[in-house]
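Please load the model in your viewer and keep the sequence panel open beside it. The tour below moves from one selection to the next and says what is to be found at each stop.

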Amino acid sequence: MSWTAHLTSFDRRWIYLLIALSVILPMFFPVSFPERVTEQTRSVYDAMEALPEGSTIMIPFEIWPSTLPETEPLARAAVRHAFMRNFKIVSLSNIGAGGPSITERVLREEGDAFGKIYGVDYVNLGFKANYLAVLTGMGTSIRSIYPTDHSGTPLDSLPIMQTVDRYDDVQFVFAISDNATIEYWISIVGARFGAKIGAGVTAVMAPKLFAYLDAGQLVGILGGMKGGAEYEKLINRPEWATRGMGAQSLVHLVIIAFIVLGNIGFIASRRNKAAE
Amino acid sequence: MDPVTTLTALFTLAIYSFLYRDNPVYRFAEHVFAGLSAGYYSGLIFQSVLVQQLWQPLIGGKLWLIVPGILGVLTFARLSTKWSWLSRVALAFVIGANAGILLMQQLHGLVLPQVAETMINMGTIKGLLVVVGVISTLMYFYFSKPHKGALGVIANVGMWFIMISFGAHFGYTVMARVSLLIGRVQFLVIDWLHLVD
């Protein structure tokens, strides 16, 4: 078998092995690559910085457990930034399977780290079915959709909710999403109710959202693990996303090398066939 | 070692065993995952929809909720050959209501702002690129005339825009999938085996 045939037909499991090594080895021997903060990430940071201390923001966790490695680091980075600025956080989730418990875990852990108190500094409204009705209804009254929080406590008894009952009462919405609900936040909460929205999404979704960024329908975008790493850099708290980006960059280099090799093999084998 | 963490790790390895070849361990893990997800979701919907949004308000006095309740029951008429036509009543309501809500919301919230943004920035190079990209891409999907002459050239330009867009999507998709792999490996190496702090 010629070398060109080898390049186009070798067992793909060798690729899997190399990718696995590229992910595992950086955990034992950390590698780091320069991290440039992109404009779309900085815009989210700037929007949060522009708010006065003590502002109330909404952070919906529209995420499934399967995308946590991507979405949790950027969610934590945003929550940390909010707590660093002493913002109050109103959270909810339109994803029933796991969304509310992820929200609870992230807010409790970060809240404890910053000495924040549940019900005073942050609240988890939990899940209600039918996101169209939920997003539309909260524009006129959050209480009409969520009479109680995630654990059944009436909203009227929570200090944080004394001044919040609709989108007009929150100064910024940072929607974390791994699915199409982000477009409903843009089209309902942003376009209809005029809320300022930033998005923290999985990398798969990020390219589609750039159209909304250009149109001014989004303030900024944190795209996947890289977006999380950039945000961690901005708030000067490098954590999981930053740690993962070394392996991420290494895997990308391996994939680029295989794409180049595969194309060389393809072109060479085509030339060989033409010569025959 | 925490038994739950160990069980999670074993299921993770079972799923990844598919990368070597299809095998019974992988299929067992896949079926357990599908079954658990279906069971969990059924319980969730029962509690959050039937109990919280139907039964509790109903006994609280909101009797008009009998109507959506009956419509919900009608969807199960599909299980009977004789009465399956009744399920169309409920489906017609769901489709009609969603179409009515979504049509205006999508039009005002997504389509019109995007169309407007495409037009108003034509004075800049970026704006011009967007307009050329949108029009040529739309022309690529115009199949009522053969892609020859001027139409062929424009469609070809559109194809390049589509290819560049696919490239950007592919790059981001690779990043997304690798992130998931990193997350799982971090779980195995750090949370399960404690090999790294």
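What percentage of the 276 residues in chain A do buried residues make up? Buried residues make up 45% of them, where a residue is buried if 20 or more other C-beta atoms lie within 10 Å of its own, exposed if 12 or fewer, and partly exposed in between, with C-beta atoms placed from the backbone. This is a predicted model, in which local features need pLDDT of at least 70 and side-chain atom pairs count only at pLDDT 80 or more, whereas totals for chains, interfaces and linings use all residues. Residues are numbered from 1 along each chain as its sequence is written, and chains are lettered from A and ligands numbered from 1 in the order in which they are written.

**Chain A as a whole**

Of the contacts in chain A with a separation of 6 or more, 72% are accounted for by residues 24 or more positions apart, a contact being a pair of residues whose C-beta atoms, placed from the backbone, lie within 7 Å.

Next, colour chain A by domain: the assignment gives domain 1 (3–30 + 246–275) and domain 2 (39–238), with bounds that come from an automatic or database domain assignment. The centres of domain 1 and domain 2 of chain A, taken over C-alpha atoms, are separated by 39 Å.

**The nonpolar core**

Now select A:I57, A:V173, A:W185 and A:I197, which touch the most other members among the 79 residues in the largest nonpolar core; such a core is a set of buried Ala, Val, Leu, Ile, Met, Phe, Trp, Tyr and Cys residues joined through C-beta atoms within 7 Å. Both domain 1 (3–30 + 246–275) and domain 2 (39–238) of chain A give residues to this core, so it lies between them. Centre on A:I57 and, leaving out residues up to four places away in sequence, its partners include A:A82, A:F87, A:I89 and A:V173.

Move to α8(A), where 10 of the 10 residues are buried, so the helix is largely enclosed by the rest of the structure. A:E183, A:Y184 and A:W185 are among its buried residues, and what covers them includes β1 (56–62), α6, β4, β5 (197–201) and α9 of chain A together with α4 (87–120) of chain B.

Show α4(B) as well: α8(A) and α4(B) pack at an angle of about 90 degrees with their axes 8 Å apart, the axes being lines fitted to C-alpha atoms, for helices over the stretch in contact, and the angles running from 0 to 180 degrees between N-to-C directions. That makes α8(A) roughly perpendicular to α4(B), on a scale where angles under 35 degrees count as roughly parallel, over 145 as roughly antiparallel, 65 to 115 as roughly perpendicular and the rest as oblique. A:E183, A:I186, A:S187 and A:I188 of α8(A) make the contact with B:Q105, B:Q106, B:G109 and B:L110 of α4(B).

Widening the selection to both chains, 40 residues of chain A are in contact with 34 residues of chain B. The side of chain A that touches chain B divides into 24 nonpolar, 9 polar and 7 charged residues, counting Ala, Val, Leu, Ile, Met, Phe, Trp, Tyr, Cys and Pro as nonpolar, Asp, Glu, Lys and Arg as charged, and the others, Gly among them, as polar.

Select A:D149, in the loop between α7 (142–145) and β4 (172–177), which counts as buried with 23 C-beta neighbours inside 10 Å. Its C-alpha atom is separated by 6.1 Å from that of A:N124, 25 residues apart along the chain.

Then check two backbone angles, bearing in mind that most residues other than glycine have a negative phi. A:N86, in the loop between α4 and β2 (88–93) of chain A, has a positive phi of about 60 degrees and is partly exposed. A:N130, in the loop between β3 (122–127) and α6 (131–137) of chain A, has a positive phi of about 75 degrees and is partly exposed, with 14 other C-beta atoms within 10 Å.

Note on methods
Helix = DSSP H or I, 4+ residues; strand = E, 2+ residues; numbered from the N terminus. Contact = placed C-beta atoms within 7 Å.
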